[in-house]
Amino acid sequence: MKIAVGQFAPTADTAENLQTMRRMAGEAAAAGAELVVFPEEAMFSERLIGERFEELVLRGWSGFVQQLSFLAAQTGVAVIAGGYEASADGRPYNTLVAVDGQGAILGTYRKLHLYDAFSHRESDRIRPGDKGVTVVRIGELSVGMITCYDLRFPEICRAVVDAGAQLLTVPAAWFAGEHKVDHWQALLKARAIENTVWVAAADTCAEHTVGRSAVLDPLGVVVAEAGEEEAVLTADVTAERIDEVRRTVPVLANRRFGPAPLIPED
């Protein structure tokens with residue numbers, strides 16, 4: 001199955017961002033891709049919104065999801081993209097939505113690990129997710145979703161794989177800074193290698209983020225990678241490659257610690 005990753009710099013204008021995604025999804029479709037993964041904040045860049053953030057979230061999320069559905073149906077390509085979903089306490093969720101190639105909503109994932117690190121406090125304005133992990137079926141693959149800072153937590157990635165994911169998608173807005181490119185690339189490799197799954201990471205390429213979106217195979221081999229500019233990557237992702245790697249490196253079969261719940265049950 002061919003997949004695509006669309007790297008771009010979201011603006012404060014949702015309509016403009018959707019136009020960019022529509023163009024990129026068309027490129028992905030022309031290349032034969034069945035899925036295109038877009039970054040975190042594809043809906044709009046929160047840092048560019050300012051005081052209108054909560055207002056735009058309240059009236060913007062449902063329209064964004066609807067337009068993604070139209071986009072997917074028009075191009076025939078499944079889409080995963082990130083935006084902001086209103087919640088009951090005023091702080092929105094940082095949410096990914098997956099839509100199939102006919103425009104049907106497959107599932108959503110609310111970011112569990114908020115970026116309270118490197119002098120940032122995402123939790124001051126965003127509510128953490130409360131629904132656990134999400135895995136959806138797209139084409140011949142089971143596809144899991146995590147968001148940006150989640151990548152630093154191996155247990156969530158293992159939980160997504162335990163839920164059946166063969167492809168781990170990582171929409172992100174990975175902040176630039178000292179060692180941050182090294183961290184991004186090392187963590188993508190680690191999550192692929194330790195779980196023996198495909199990884200497709202879609203970063204933004206704004207001035208404050210690193211870009212370098214990538215697709216990695218289950219041995220951590222980079223099969224497609226972007227630089228710091230807007231780009232559409234494509235790669236062939238197969239279950240057969242997972243099976244081949246797991247026969248050679250059966251880390252999941254050999255582990256001594258089983259899965260544990262990510263979020264305590266009520």
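This note goes through a predicted model point by point.

1. Basis of the model. The model is predicted, and local features are given only where pLDDT is at least 70, with side-chain atom pairs counted only at pLDDT 80 or more, while totals for chains, interfaces and linings use all residues. Residues are numbered from 1 along each chain as its sequence is written, and side-chain values use heavy atoms, with hydrogens and water left out.

2. The largest pocket has a volume of about 280 Å³. Its lining has 19 residues, and those closest to the pocket centre are Y115, E122, R125, A173 and F175. By class, the lining holds 7 nonpolar, 3 polar and 9 charged residues. Here a pocket is found on a 1 Å grid over the protein atoms alone, as an open set of points where a 1.4 Å probe fits, with protein on both sides within 12 Å along at least five of seven lines; lining residues have an atom within 4 Å of a point. The volume is the space filled by probe spheres set on the points, which are joined across faces, edges and corners. Ala, Val, Leu, Ile, Met, Phe, Trp, Tyr, Cys and Pro count as nonpolar, Asp, Glu, Lys and Arg as charged, and the others, Gly among them, as polar.

3. Salt bridges. The structure holds 16 salt bridges, each being a side-chain nitrogen of Lys or Arg within 4 Å of a carboxyl oxygen of Asp or Glu. Side chains of opposite charge can pair when their charged atoms come close. One of the bridges joins R110 and D130, whose closest N and O atoms are 3.0 Å apart. R110 lies in strand β5 (residues 105–110) and D130 in the loop between β5 and β6 (135–138), so this pair ties together parts 20 residues apart in sequence. Strands (E, at least two residues) and helices (H or I, at least four) are DSSP runs, numbered from the N terminus. R110 is buried at 12% relative accessibility, whereas D130 is partly exposed at 40%. Buried means under 20% relative accessible area, exposed over 50%, and partly exposed in between, with a 1.4 Å probe and protein chains only.

4. Bridges at R121. R121 meets D116 in a salt bridge at 3.4 Å, N to O. R121 also meets D124 in a salt bridge, at 3.5 Å, N to O. R121 is partly exposed at 47% relative accessibility; D116 is partly exposed at 31%, and D124 is exposed at 54%. Elsewhere, R23, E27 and E230 are linked in a network of salt bridges.

5. Positive phi angles. Most residues other than glycine have a negative phi, and most peptide bonds are trans. F118, although not a glycine, has a positive phi of about 50 degrees. F118 is in the loop between β5 and β6 and is partly exposed at 44% relative accessibility. T196, also not a glycine, has a positive phi of about 45 degrees. T196 sits in the loop between α4 and β9 (198–203) and is buried at 1% relative accessibility.

6. Helix α3. This helix covers residues 154–162, and its buried residues are I156, C157, A159, V160 and V161. Just after α3, G164 takes a positive phi of about 110 degrees.

7. I3 is in strand β1 (residues 2–7) and is buried, at 0% relative accessibility. I3 and A31 are 28 residues apart in sequence and 9.2 Å apart in space, C-alpha to C-alpha. W174 is in the loop between β8 (167–172) and α4 (180–195) and is buried, with a relative accessible area of 2%. W174 and E230 are 56 residues apart in sequence, with 15 Å between their C-alpha atoms.

8. Surface patch. L219, V221, V223, V249 and V251 form a nonpolar patch on the surface, with about 330 Å² of accessible area together. L219 is in the loop between β10 (214–216) and β11 (222–225) and is partly exposed, with a relative accessible area of 40%. Patches are made of residues with over 30% relative accessible area and no salt bridge; nonpolar side chains (Val, Leu, Ile, Met, Phe, Trp, Tyr) are joined within 5 Å, and like charges within 9 Å. Accessible areas come from the Shrake-Rupley method with a 1.4 Å probe, and for residues only the protein chains shown count as cover.
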